Amino acid sequence: MKKAMVVTTTSGFMPQFELNNVRLLQQAGYQVHYATNFGVPIYEVKDDTLRKMGVVLHHISIEKNPFRLRKNIWAYRELVRIIEREKIDVVHCHNPNGGVLARIAARKSKRNPFVLYTAHGFHFFKGAPKKNWLFYYPVEKYLARFTDVLITINKEDYHNAEKFTYKEGGGPQLIPSVGVDMTRYCPPTPQQKMAARQAWNIPDDAFHIVSAGELNANKNHRVVIEAIARLARKDIYYSICGDGPIREELKRLIKQKGLQDRVFLRGYCTQIEKAYQSADLSIFPSYREGMGMAALEAMATKVALIAADNRGSREYMSDGNNGLVCAPDSPEEFAKAILLMYENRELRETLAEHGYQTVQRFTIQKNEEKMRAIYQLLPCGDEEMERARHDGPLVSVIMGVYNQSNFKQFTQAVDSILHQTMKDFEFLIYNDGSSIEEVNTYIRQLETRDERIRVIESKTNHGLGFALNRCIDQARGKYLARMDADDISHPNRFAREVSFMEEHPQYMWCGSNCQLFDDEGTWGDGTRPELPGTDDYLKYSPYIHPTVMYRADLFEHVAGYDEAKRTARCEDYELFMRLFHMGYQGYNIQEPLLDYRVSRNEYHTRAFKYYLYEGQIRLEGFRRLGVLWPKGWLYVLRPLASRLLPTKLIVWKKAKAADL
């Protein structure tokens, strides 16, 4: 599978701005990796959201400040190692320092990946300090020669980027911002507006202003506080949504101006759309912006806007038409604009309506159209490998068999595969050193039943993990379907699972629920969580092994089943925990696609050592996943505890909870 790595300096950047691009990369067939400093969130991180999307996470020591040399040198070395170890094909970097270190690392690595850099606002622009031009402009110009595509989000940056020299065939691209989600940011109903104001204790007759952005000098919240202080209107309230390094400085300013009862630092807001729903006016006062998503989101919520004149706001603001524009360093201009909006409701509504029409050019759909076109420039990956996949069967069924002497059960299992509605498969059966001659004869005869069956023989018994790995080595299919020699796959199983995998490239495997049965018939339902998370690995494996279908190329990048004796009877559990720890994600189709043979009357059929082995696997897996303490230890001891319980109690619990 092709691999793309996104690099940012702050860990919340991807969840905040790049999730749609993650989906586009996954749809293009890429496994997405994310390298960032998870100790510098700024935005909401949402690690679980990323993992559930199948994103592989890498913590690096990168810092926003380029002059923190020790940590940034380490980050550069870490990026080189990740690119080479993970065999990264595409690097897409963001933020100034992320763009510097990632592009140098891509150049230094032996992989020579395709490089995209999204400039969310160059530090050099019309009116910027000369030091910015002297430092940042030469750096960006030099690094462009290591860049295939430089993506800009405003016309001024695009025209500057046109002057650079790029890798052969490379150049700049212009996109209409990172895209506003119009389903999230939309005009509120009167009831929603009232509820939002009540949640923040805004009086019904108050005039409420909202700003959103990190608390730093560039975001310039100070100018609005000073403007409100000049107006001396007791019914003007101001909420600032965000956090950052100058929080205490702003608190002192608010106190100095005597505005503690009307100006509030709300901190980082995870539901900023509700803040806009409560507002009569939004203000976007930044000195410098590449675009300014906060302003566009306010427009989408149909809130009247006052914006500072900066490179980003010039992309969409028209003074007096869809909002008011002020000089960023003028409290007087902001005070006049606020007063005009305060006194003229009709003007506010007209500007808000025009702003709402303006933002239609900057939707997430418009961004997606452009990004799809850009991602079409990405390399197609290993064409020879893809061709081999295409020429082979769609599915390779992998089954390990050892002394399966119940030929009735064996035949039922084989027949359930041969009678699948989807016919494009090969069936690999590994005879793992069976010592019963009748079994060996039966297995050899299976090849004569159907040309899709291929038997692989071993004279020595090695265990199921070894057997499955040998099948994986010889499989030619795009997908690998697990099967056991005593279960029964439903006729639509392969068709259902292949369809799911084709439609959801973010998942590396899928399983399903099952029906529990034995010789007396069906006696229970086996269910598993739809999208297993960390805690779902505590009780037992969250996937029913013989229901699982993998992407075959997963095993080109990770080791297969552990072949050690200690993993016997829980090879799958160990593998799924290891893959989840590495950032890979699976899914369970919420319908039964297999009849799973489990005796309702027998349980303690394993030797005691296997319960010890399972406890050891749990200990190692939980430690990797970070859930060993405190509750993980209880589940480490679970196999031993279950061995000591009466069989009847275990059978009752299994029937009740599908504890497989």
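How many bridges join strand β9 to β10? The answer is 4, and the two strands run parallel.

The model is predicted: local features need pLDDT of at least 70, side-chain atom pairs count only at pLDDT 80 or more, and totals for chains, interfaces and linings use all residues. Residues are numbered from 1 along each chain as its sequence is written, and side-chain values use heavy atoms, with hydrogens and water left out.

**View 1. An open sheet of 6 parallel strands.** The strand order is β10-β9-β8-β11-β12-β13. Strands are DSSP runs of E with at least two residues, helices are runs of H or I with at least four, and both are numbered from the N terminus. Two strands pair if DSSP finds at least two bridges between them. The edge strands, β10 (263–267) and β13 (324–326), each pair on one side only. From one strand to the next, the twist averages 20 degrees.

**View 2. Strand β9 (residues 236–241) beside β10.** Tyrosine 238 stands opposite valine 263 in β10.

**View 3. Helix α11 (residues 293–300) on the sheet.** This helix touches β8 (207–212), β11 (281–284) and β12 (305–308); contact means heavy atoms within 4.5 Å. The direction of α11 makes about 165 degrees with that of β11. Axes are lines fitted to C-alpha atoms, for helices over the stretch in contact, and angles run from 0 to 180 degrees between N-to-C directions.

**View 4. Helix α12 (residues 331–343) packed with helix α13 (residues 345–358).** Their axes lie 5 Å apart at an angle of about 105 degrees. The two helices are therefore roughly perpendicular (65 to 115 degrees). Leu340, Met341, Tyr342 and Glu343 of α12 meet Arg345, Leu347, Arg348 and Leu351 of α13.

Methods: Angles under 35 degrees count as roughly parallel, over 145 as roughly antiparallel, 65 to 115 as roughly perpendicular and the rest as oblique.
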